[in-house]
Structure formats: structure tokens, C-alpha cells
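The following note sets out, point by point, what the model shows for each chain. Please read it beside the sequence and the structure.

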Amino acid sequence: MTTIRVLIADDQMMVRQGFTVLLNAEPGIEVVGQAVDGLDAVAKVAELDPDVVLMDIRMPGLGGIEATRLITEPAGATVKVLVLTTFDLDEYVYEALRAGASGFLLKDASAAELAQAVRVVADGDALLAPNITKRLIAEFSRMSGAPRAPLKERVGDLTERETEVLSLIAQGLSNAEIAKRLVVAEQTVKTHVSRILLKLGLRDRTQAAVFAYETGLVRPAGY
Amino acid sequence: MTKWPKGIRAAARALREDLWTAAPDPLSHPRRPGWLEWRPALAVPLVLAAGMLMILNTNDYAFDYQLGTDFGLLLAGVQSVALVVAMYRPIPAWWATTLVTFVAARSLTDSRFPTPFPWTAGGLGVQAGVLFLVALRVRLRASVTVLVISSLSGLVCLMHAPQTSYYQNADVAIPVFVAATAIGAALRGRAVARTRLVEQEELTAEERARRTLLEERNRIARELHDVVAHHMSVISIQAQVAPHLVENPSEELKENLAGIRENAVEALTELRQVLGVLRSEDPLSGTVRHAPQPTLDRLDDLFGNVRGAGLTVTRRTSGEPLPLSPGVELSAFRIVQEALSNAIRHAPGAEVRVEIGYRPAGVTVRITNTAPDRPAPASPGAGHGLLGMRERTAMLGGELATGPTPDGGWEVTALLPAQPPAAPTDPAEDTP
């Protein structure tokens, strides 16, 4: 098992040090660096090439959302961003997801939750906290207005099967669950997922879920 | 069968109320100068008119009606006094004049030559004046009743007219009375409507002021809860980290720290609920909620905006910068922010100076601007700013002074104590 290399970006020293201690205590996770604000985070990612960045949304200067955008935008960037929020799951968390974050976590999460989040995000096979993520995306994609036409066109590039898989991703299902639902091998699902991401130019399943809601492929149920 | 007497009883009660017990309205709004304030001035011409009418009436009663000088003087006197009193007590005055008219008409037995009847010329004037004043002060139903009774009493007198030469003047008098009542009632209607309007306006203004205050407090509460939640989440992290910092932490220590963490997480949950409520009531929340709560370090961001608006800003810091509590930092920042936005709004082209003075006891924030180099455009929705500054300062136990400067500019000074005015601790507690 390879070690997951983590960078922590938060303007508060206490938070950075706390998370460093907690994560270093976990097997298979190593904190390789700390950044004090958004700009520093962008620079440290380039320098240290971590697997996962824990990113505070609120930071002076360059905020977490912009920093996430800068870190995840370059083609071929593989680093995953896990957004930290003090408060709750508001549209800024959603903005961070749209900007390229792979998941989010409340700052008062337990050490176990923190480590699990880092592992899920690094692995990339499942949505982090699928139900909450789904609800958050559904709620805020609805507020962001009508589906954007250029996005919608890109759905046309997908095969019928891929569209089906995409909508299941958006409902928060993991690869294994999708495989069970469609009665295919998990490996087949993995292939579908990577093809979907490639065709749509998306970096991970969180982005795929955001995309599915924003194009109206998946309708938020119960809203 | 029982309905009819009941109806009569009700009518009688209404009549009694209108003509006996009901107090006349104050005609002007208590907080607005109006009719009543002019009453002493109006009384002068009224007294003059009453005096002239008295001479006329005395002549009429004493000589035309042949009632003798004493009785004539008495009747005329009562009439004239009633006219003046009608300004203060319209209904009793009306009773008096009507009674005098009736008595005089019934007392007429022989006239020297054809005389106006049942109202003398002066009596008609007094009656019309009193009816006007009644209509001005009591509600329409009462003034119509009064008008009808006056007219009827005249007609009753006519029906039992004396065997002497007279010419009846009811055909002139009654239209004059109707006109006097109508004019009075119309003026009264207008005044009442205006009073209501003023009351309504005052109510609306009060309501708006209260809402503004609540909104501002809500905003402050939200920001402070925000700061508290931030601290809480750091506590929850630290409580989790602490056991990792010692080798072989004891069970008690772990338990204690777990308790701290549990409480912090619970407090956070509650804080999130409070914040949810505060945000849902704050229309501005969408634009402000995500920014970190600012501190004085970030004033330069503000200065950029001010320079962008065409003002010059200079900053001066004196004293040794000391660490302030987030609440004080935040309030100081917001006060500077409000003052600067006021300067942009009201003093285009001015020079603004921001002075931050650190002292052991606290921090002084002083924002002054010179006079604008051109007239400021009218700006709607002002007033939030000063209110917010005052609320924030008061909350911290500080002082705020705002006002114009001699050179035509404006100045805002806030003194924020570093220590909140917490409950005074008893020094005796520490000494055994």
C-alpha cells in the first residue's frame, strides 16, 4: 500500500498542526507540508506534488475556492482537493466542488472521519459522504439556474450505457454498487467511469455528479 | 314589539352621548402645531365679534323685542359668552345659545315694528358661529343632530308665533346654519384625515427605524457567532490532538479530552443552528457569509475601494499594536468600513485619514474626511452605517463620537476597550 501524501492549507496554525498530528498518526497517510494561505497552497502543490490537499475555504488573500481552481485546473493534474469548512454546507462548499474539489469535510470531524475522507478522496472510486454530497449538489445546482447549453451538448457524446452510469454516479453509488445494479463486473464499471470522465473532460466522480445535476441529466428528487 | 323601544333607547343613548357626555376631539395632532396652538390668537377676533354681536343683540332683545334692558343684556351676554366658550366647550355653548334663542322667542309678546323672528339678527350670527365650531369639533352625527335641533326649535317658535308684527327669517337662517355646519364638518374631516396620515407616517418611520436596528443587530450577532464557531472548531481539533502529544496518556486524560471535544462539537451544532436562523433572516447574508471575518490587518483591501471611488486615503498607526480579541478587531474593521463607505457616499473627492491608535486600554479608531470637492449625489438608504457603529461600540463598552469638523468635513471616533466590560470580579475573592 502506497502512502497518501497530504498537504494542509489553513491560515490558522493550530488547525494545521492539529490535522498534521492526527493524520500522521494514521497508517498510510503522511503530511508532507503545510500552507498558510491560498497562494502558498498553490506554490506548495507545485513543489511537493501531494496526493491530497486539505483546503480551508476561508483564507485571507487567495481563498480556498480560487486556490482549488488553480490547483485542479491544469490538464493532467492528479492532486485531489478536500475542502474544510467551519460552518456548514452552503453554496461556498458547492462553489468549491464546482471549482474542482473532490469532497468536503467539517473541521470538527473526528480523526477517524478525517482519515477516511482522505483515503476515499485519494482512491477516487466513491463519492465522499454520498448522501450529503448528493443533497448539496442537488440543492445548489438547482439554484444556479437553467442547464448550460454547451454542457448539455457534451452529454450527447456519451453512449446510452455511459449516460446510465453517469446518473448512477450522481446518485452517490460506488463502482461496486453500480456493478451490482447493472449486473456487470466492477472492472467494466471502472472502464465506463474513466471513459465518461475522459469524454466530458472531468477530473473525478464528484465533478461528474456536479455535471450530471447541472445539465439536468439527473433531477433532484423530492425538491 | 320589543325592538322598537330598544331602538328608541339606543337612539336616546346615542343622543345623550353626542349632546351631553362626549368630549370634543382635540383637533390638532398633539405633536404637530395646529389649530389648538392658534386658539389664543383666534380668540381675539372672536371676542371682538362676540362684543359687537352683544351690542346688536342687546338692542334687539331690549328694544325690538321689548324685553327690558336687564333681561336683554342677560340674554345677549349669555349668547356672546357662549360664542367664545364654544371654542373650548362647543356642546354646552350650543345648548346655551339654543336655549337663549328659544326663551327670547317665547318671551316676545309685542314689538314696536316688524322684527326678525325667531332669530334676531345677532342671534342668528351667534347660532351660526356656534354651529360652525360644533361641527369643527365633534363627529358628524352629533353636529347634524345639533343642527336639526336648532332648526326645529326655531320652527317650533314660529308655530307658536306671538300676535305681533314680525317677519320670519327661518328661510334665511336654516340655510345659513346648514352651510356653517357643512363648512365646519368639511374642515374637521380634512384635519382628521391629516392627523391620521401623520400618525401613520410616524408609525411607519418608527417601524422602519426598529427594523433597521434589528437588522443591524442581527448582522452583528451573526458575525460574532461566526467568530465563536471558529474558535469552537479549533477547540474540537485541539482536544483531539492533545492525546497524541503525550506518551501513554492516562485514561482520565483521554476521557477528559474526549469530553472537551464532545462539548465543543455539541456547541458547534447549536451554533450552526443559530447561524442558520440568523442568516435566513438576513438579506445581505448571501454576499458576506463566506469571507473570513476581517481584522484591522485587512484595512488595505478597503482602501483600494476608496481610492477607486476617487478619494485619497492616508493611514496612520500609533502605539504598539497589541493583540485584540476577534470581536474588537472585527468591530474596529467594520467601523472603519462604514465610515469609509459614508465618506464615499457623502464626500466625493475628499481626503480621508484613518488613524488607528493602540493603547494599553484599547484601540482608538478615528476616521476624518475633508469637505467634498463637489456636491454629493443624494443617496437613498442611509442611516444603517451610524447605527451599526453605535451598536458595535456599545456592545464592547466603548465610546463613539461622530460629527462635522470645522472645515466642513466629517469625523468618526471610536474608542474600543481591549477588555470587554465583563461582570466585575470581586478582588476579595482572591485574597484569603
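1. A residue is called buried here if 20 or more other C-beta atoms lie within 10 Å of its own, exposed if 12 or fewer, and partly exposed in between, with C-beta atoms placed from the backbone. Helices (H or I, at least four residues) and strands (E, at least two) are DSSP runs, numbered from the N terminus. The model is predicted: local features need pLDDT of at least 70, side-chain atom pairs count only at pLDDT 80 or more, and totals for chains, interfaces and linings use all residues. Residues are numbered from 1 along each chain as its sequence is written, and chains are lettered from A and ligands numbered from 1 in the order in which they are written.

2. Chain A holds 11 helices and 5 strands. Of its 223 residues, 50% are buried. Contact means that the C-beta atoms of two residues, placed from the backbone, lie within 7 Å. Among contacts in chain A between residues at least 6 apart in sequence, 66% link residues at least 24 apart.

3. Strand β1 of chain A (residues 4-9) is mostly covered, with 5 of its 6 residues buried. Strands count as paired if DSSP finds at least two bridges between them. β1(A) pairs with β2(A) (residues 29-35) in the parallel sense over 6 bridges, and Ile4(A) has Ile29(A) as its bridge partner in β2(A). β1(A) also runs parallel to β3(A), to which 4 bridges join it; there, Leu7(A) has Val53(A) as its bridge partner.

4. Together with helix α1 (residues 13-24) of chain A, β1(A) and β2(A) form a right-handed β-α-β unit. Right-handed means that, with the strands pointing away from the viewer, the path from the first strand over the helix to the second runs clockwise.

5. Where does Leu23(A) lie, and what does it touch? Leu23(A) belongs to helix α1 of chain A and counts as buried because it has 20 C-beta neighbours inside 10 Å. Not counting residues up to four places away in sequence, Leu23(A) touches Val6(A), Ile29(A), Val31(A), Leu114(A), Ala115(A) and Val118(A). Of these, Ala115(A) is 92 residues from Leu23(A) in sequence, while the two C-alpha atoms are 6.4 Å apart.

6. Helix α2 (residues 38-48) of chain A has Gly38(A), Ala41(A), Val42(A), Lys44(A) and Val45(A) as its buried residues. These pack against β1, β2, β3 and α3 (64-72) of chain A. Just after α2(A), Asp49(A) takes a positive phi of about 50 degrees.

7. An unreviewed UniProt entry places the feature "modified residue: 4-aspartylphosphate" at Asp56(A). UniProt positions are given in the numbering used here, feature names are shortened, and annotations may be inferred rather than shown by experiment. Asp56(A) lies in strand β3 (residues 52-56) of chain A and counts as buried because it has 25 C-beta neighbours inside 10 Å. Leaving aside neighbours within four places in sequence, Asp56(A) is in contact with Ala9(A), Asp10(A), Asp11(A), Gly64(A) and Leu84(A).

8. In chain B, the unreviewed UniProt entry gives "transmembrane region" at residues 41-59, 71-91, 117-136, 143-161 and 167-187. Residues 41-59 of chain B are 100% helix and 0% strand, with end C-alpha atoms 28 Å apart. Residues 143-161 of chain B are 89% helix and 0% strand, with end C-alpha atoms 27 Å apart.

9. Chain B also contains an open sheet of 5 strands in the order β3-β4-β5-β7-β6, with mixed pairing. Its edge strands are β3 (312-318) and β6 (399-404) of chain B, each pairing on one side only. β4(B) (residues 351-359) and β5(B) (residues 362-369) pair in the antiparallel sense over 8 bridges, and Arg359(B) stands opposite Gly362(B) in β5(B).

10. Helix α10 (residues 299-308) of chain B packs on this sheet and touches β3 and β4 of chain B, its direction making about 155 degrees with that of β3(B). Helix α11 (residues 326-346) of chain B lies across β4, β5 and β7 (410-417) of chain B, at about 5 degrees to β5(B). Axes are lines fitted to C-alpha atoms, for helices over the stretch in contact, and angles run from 0 to 180 degrees between N-to-C directions.

11. At the interface, 20 residues of chain B are in contact with 20 residues of chain A. On the chain B side, α7 (170-245) and α8 (251-280) of chain B are the elements that give two or more residues, and α7(B) gives the most, with 11 residues.
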